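Hello,

Here is the structure I said I would pass on. Please open it first; my notes on a few of the helices follow.

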Amino acid sequence: MMHQFELETARNPEALRRIVIEPVSRVEGHGKVTILLDDDNKVHQVRLHIVEFRGFEKFIEGRPYWEVPVLVQRLCGICPVSHHLAASKAMDMIVGAAQLTPTAEKIRRLMHYGQMLQSHALHFFHLSSPDLLFGFDSDVAQRNIVGVAAANPDVAKKGVLLRKFGQEVIRVTSGKRVHGTGSVPGGVNKPLTPEERDYLLKDADQMVAWSVDAVRIIKQLHRANPGLYDRFGEVESTMMSLVDPSGDLDFYHGALRARDAAGEVMFDQVSYQGYHTLLTEGVKPWSYMKFPYITALGDEKGWYKVGPLARIQNCDRIPTPQAEKERLEFVAHGNGKPMHGSLGFHWARMIEMLCAAETIKTLLLDPDITGADIMTGGPRGYEGIGVIEAPRGTLFHHYRVDDDDLVTYANLIVSTTNNNTAMNVAVRDVARHYLDGRELTEGLLNHIEVAIRCFDPCLSCATHALGKMPLEVELLDAAGILVDRMVKDETGGVRQSLA
Amino acid sequence: MTAPTLIFGWGNPSRGDDALGPLLLDRIEALLPHHPEWGAVDLLTDFQLQVEHALDLDGRTRVLFVDASARPDQSPFRAGRLEPARDSSFTTHALSPQGVMHVYETMRAVPPPPCWLLAIAGEAFDLGTPLGRAAAANLEAAVDWTAAWLEAGRR
């Protein structure tokens, strides 16, 4: 059933005890979890506050349209390629490039699937594998990348090399390791040379093999403990993603499809050009981040989740053989029902990583990839909408451009915003199961963080300058008096102190 | 060809003082042609440090990591030697330089090259803002320190 969003429904929230977690560790940016307890120390309300920076649009408006695909990479240090390509697709419409040349589209796809590979590799091998390999209550020093490396150097090494390969795909296709300029309105600005193709191709089979290994690891975990892995942080919700005209998984282009929590198709092949009527960006007074929902269903029933778990269960097929085999096993595991447990994101994410690795090899073997026809154009447009499936989910870019070529309007819905309500519900589910009483424990906090991490949220591309306080937890009684406090410092040390 | 000396500056050039790391690289790049005595120096940048950057330590004899620092501090910058450390800085999607060194040590089964950290003090990190006046002054001091560090490296 669809969860009612109880954040808004407590009758007397001022009388509830409050636990604050700020910021959420190992998640980019700043997040804060507020848990309100009732007099019986039961969870009554949960809110995930995300300090989303809403200056994206102002940062872009007034700039020449051709600068935008490069400029928007500065929005996010985690997935700059996603913004680069979504903006490029939108600006294709400005230059009248209704259909890119085969070479240009395939080079863009190669770049995008390279990012999917490297992003998913990082998340699984280095951000989430501590949760998965060591358990949620394990030693804090072990629950991170270096802990994984020490305990399991082979896994950590594969993660590093998968990540490096993905970065190399991006470097070759975009021209630089970072701040690349490869994708431009109307196509790409450099072809792929046969030498570059061969350089990437020599490692492609290894990346596929390691991706198969990764799927096997997460699959084993689910089968060994389905009660935990299938149910933890369960969020029964609508799922939305792009699919291609055949209903196949496609990260780069397609139309929107949504299934309800039971897996029934709600709408299909809806052009994303109409996203602004299909979706409404809801607001709530306690959060800077918006809460998008399907307009026709309203804000209580219309929220949805995006990202790997939605994509894998939304599509009819994955167009690469090994990933499709794994998708079928994933679907069979649910015995005819969609999986909504948050840890299912990891399994789905690894299937997507395998799809990305296979697709990279396929693209590199395609003769078009080294073609020379890389730009096209047509009648000048004044409005462009570009949507792609970024690693964390559906990403919308929408621009208007005036006769002076300057951007007059910009609107972005980033993947993490699409998942805002779903993340809140996941945290509430976990808090209800594992948080009870007035005592803060590290294991308890880890459970909440594990649930958030499943979504791989990118919290507004924050700066990362040295010296940030990583994690602080406060417990306040019903009168607002601080009764307990827990702090994780930069080295992972945890101290608990009364105010 | 891998240069023996690496300076790795990270940060988002469009987020105010977070640009200090990449800007220091620009300044050093401009100085390199005038200082052949410093030898070959690679300058690398990224938005943040990640696991794959451990591979950038291969073949180096000394490495300088450069970042902006948001820590309240009276000094224009802080600098010092680093040792590999188990990284538990829960900053997600971003490793500390000590963590990068530890990944290297784990992967390669040998100690990483000698590494230093130069943390340049910044104040404002908002998207679209320029480098602050205080940060610009701090950058000058940090460039001088880096030049001295490069000079010392040839001895």
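In helix H15 of chain A, the buried residues are A:Asn420, A:Thr421, A:Ala422, A:Met423, A:Asn424, A:Val425, A:Ala426, A:Val427, A:Arg428, A:Asp429, A:Val430 and A:Ala431. H15(A) is thus mostly covered, with twelve of its 15 residues buried. Please keep in mind that this is a predicted model.

The length of H15(A), residues 420–434, can be checked: at 1.5 Å a residue its 15 residues should span 21 Å, and because the end C-alpha atoms are 21 Å apart, the two agree.

Next, a pair of helices in chain A. The axes of H7 (residues 194–224) and H13 (residues 344–365) come within 8 Å and cross at roughly 160°. An angle over 145 degrees counts as roughly antiparallel, so that is how H7(A) and H13(A) lie to each other. Their crossing is left-handed. The contact of H7(A) with H13(A) has 17 nonpolar, three polar and four charged residues.

How do the axes of H1(B) and H3(B) cross? The axes of H1 (residues 20–31) and H3 (residues 133–153) come within 10 Å, at a crossing angle of roughly 50°, which makes H1(B) oblique to H3(B). This crossing is right-handed. On the H1(B) side, the contact is made by B:Leu20, B:Leu23, B:Leu24, B:Arg27, B:Ile28 and B:Leu31. H3(B) contributes B:Ala135, B:Leu139, B:Ala142, B:Val143, B:Thr146 and B:Ala147. By class, the residues of this contact are ten nonpolar, one polar and one charged.

Regards

Technical notes: Residues are numbered from 1 along each chain as its sequence is written. Chains are lettered from A and ligands numbered from 1 in the order in which they are written. This is a predicted model: local features need pLDDT of at least 70, side-chain atom pairs count only at pLDDT 80 or more; totals for chains, interfaces and linings use all residues. Helices (H or I, at least four residues) and strands (E, at least two) are DSSP runs, numbered from the N terminus. The expected span of a helix is 1.5 Å times one less than its number of residues. A residue is buried if 20 or more other C-beta atoms lie within 10 Å of its own, exposed if 12 or fewer, and partly exposed in between; C-beta atoms are placed from the backbone. Axes are lines fitted to C-alpha atoms, for helices over the stretch in contact, and angles run from 0 to 180 degrees between N-to-C directions. Angles under 35 degrees count as roughly parallel, over 145 as roughly antiparallel, 65 to 115 as roughly perpendicular and the rest as oblique. A crossing is left-handed if the near helix is turned anticlockwise from the far one by less than a right angle, and right-handed if clockwise. Ala, Val, Leu, Ile, Met, Phe, Trp, Tyr, Cys and Pro count as nonpolar, Asp, Glu, Lys and Arg as charged, and the others, Gly among them, as polar. Two residues are in contact if their C-beta atoms, placed from the backbone, lie within 7 Å.
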